[in-house]
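Please look over the notes below with the model open beside them.

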Amino acid sequence: MDSYYRPTRVELSLDALQHNLQAFRNVIPNHCKIMASVKANAYGHGAVEIARAAERFGVDYLGVAFLDEALQLRTAGVRTPILVLGFVAADALLAARNHNITISLFRDDILAAVSELPPDPNGRRLKVHIKMDSGMGRLGIIGKDAVLSFIEKALQVPELEVEGLFTHYARADEADKSYTELQYNRFHEVAEHVEQQGWPIPIIHAANSAASIDTPKWAGGMLRLGVSMYGLYPSQEVNQQLISLEPVLTLKTEVVMVKTVPAGWGISYGTRYFSTTEESIGTLPIGYADGYSRMLTGKAYGLIRGVKAPILGTICMDQCMIALDSAATEIDGPVETGEEVVLIGRQGDSVITVEDIADQLGTINYEIICMLASRIPRTYVSGGRTIAIQNPIAQS
């Protein structure tokens, strides 16, 4: 097990991850497969270890954004089927086939490039899921006739195995489901035609986390489980009473210096904060290079002994300061170096949620967890024991 020396770390509960996966398995139909989305370093949670945990749980597929992410997982020994949800270039098709990685297909030139691949000595074919743009306006083929024509051509390419057909909802996380219903109807028309023709496409799927919570009947044959796998709801508008989630991630650090400053003392770059009286200030070894945004300056808090304490002054690249004065923060007694500070997560009866940070920055919970830099070690915990530590800097 790799060690780490930096007191700042992201702690991941594999028990919470399993709870969330099981919660969705309990509510979706038995025939519906589960894809665990581990793109963007598993939404900041660490792709390799999260993929391994999802594999142990028994997910049917893993989802990534780019071929490089899929190859990282294969190199780490992950054997579960992987779908690249984004674009894969023609010169990468052979690598995808050689490593048994499924790609999304939606361009005629890429389809033509597949037909020019040399035969595989083991008889393997490149697996693809054809993507329809039903109203997202991003990747995919627009229009029923165009999609059906593309599918028909793809089925005639001997080097291809057309395993899936899918689309992506743009507004499934909103209370108003009318646009999602419009997308579903467009996609369903195509899926019905595929079925009527008897075309052998076994996995037809549409649902992200939000759709699986609010409209599971529109999920199709596989749920693409994203942010909710990590214990976060896609928005405040989905019905959070339907499924209980547990946050997987906690961001922790510790106080590495305690000092008493006199009244009128400037704190950090730009001296945006001056002490008003003699104050106790703590330094934390985390900053905006870790994804703890400089835009949280003057807004953020940390938890010390279960008490919310304000982050003071401008957040630096690698460090920031926190108020330790007992009068200002209601902390019982003087704080010492080495004491734990929670910046995201629960400590005692208090909690700072990812949504709290997102609200302070005017963004969504997805972005907050994806911002957390890979240089922060990830510690994976189950049953109160550390299972693994991922520390890219130490490994290099």
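**Notes on cavities and a loop residue**

1. The lining of the largest cavity has eight nonpolar residues, two polar and no charged ones. Here Ala, Val, Leu, Ile, Met, Phe, Trp, Tyr, Cys and Pro count as nonpolar, Asp, Glu, Lys and Arg as charged, and the others, Gly among them, as polar.

2. This is a predicted model, in which local features need pLDDT of at least 70 and side-chain atom pairs count only at pLDDT 80 or more, while totals for chains, interfaces and linings use all residues. Residues are numbered from 1 along each chain as its sequence is written, and side-chain values use heavy atoms, with hydrogens and water left out.

3. A cavity is a set of points, on a 1 Å grid over the protein atoms alone, where a 1.4 Å probe fits but cannot get out; lining residues have an atom within 4 Å of a point. There are two cavities of 30 Å³ or more.

4. Strand β5 (residues 101-105) gives the most to its lining, with three residues; strands are DSSP runs of E, at least two residues, numbered from the N terminus.

5. Ile-315 sits in the loop between β17 (307-312) and β18 (320-323). Is Ile-315 buried or exposed? Its relative accessibility is 1%, so Ile-315 counts as buried (under 20% relative accessible area, 1.4 Å probe, protein chains only).

Methods: Helix = DSSP H or I, 4+ residues; strand = E, 2+ residues; numbered from the N terminus. Buried < 20%, exposed > 50% of the residue type's maximum accessible area, 1.4 Å probe, protein only. 1 Å grid on protein atoms, 1.4 Å probe; cavity = no way out; pocket = protein on both sides within 12 Å on 5 of 7 lines; lining within 4 Å. Points joined across faces, edges and corners; volume = space filled by probe spheres on them.
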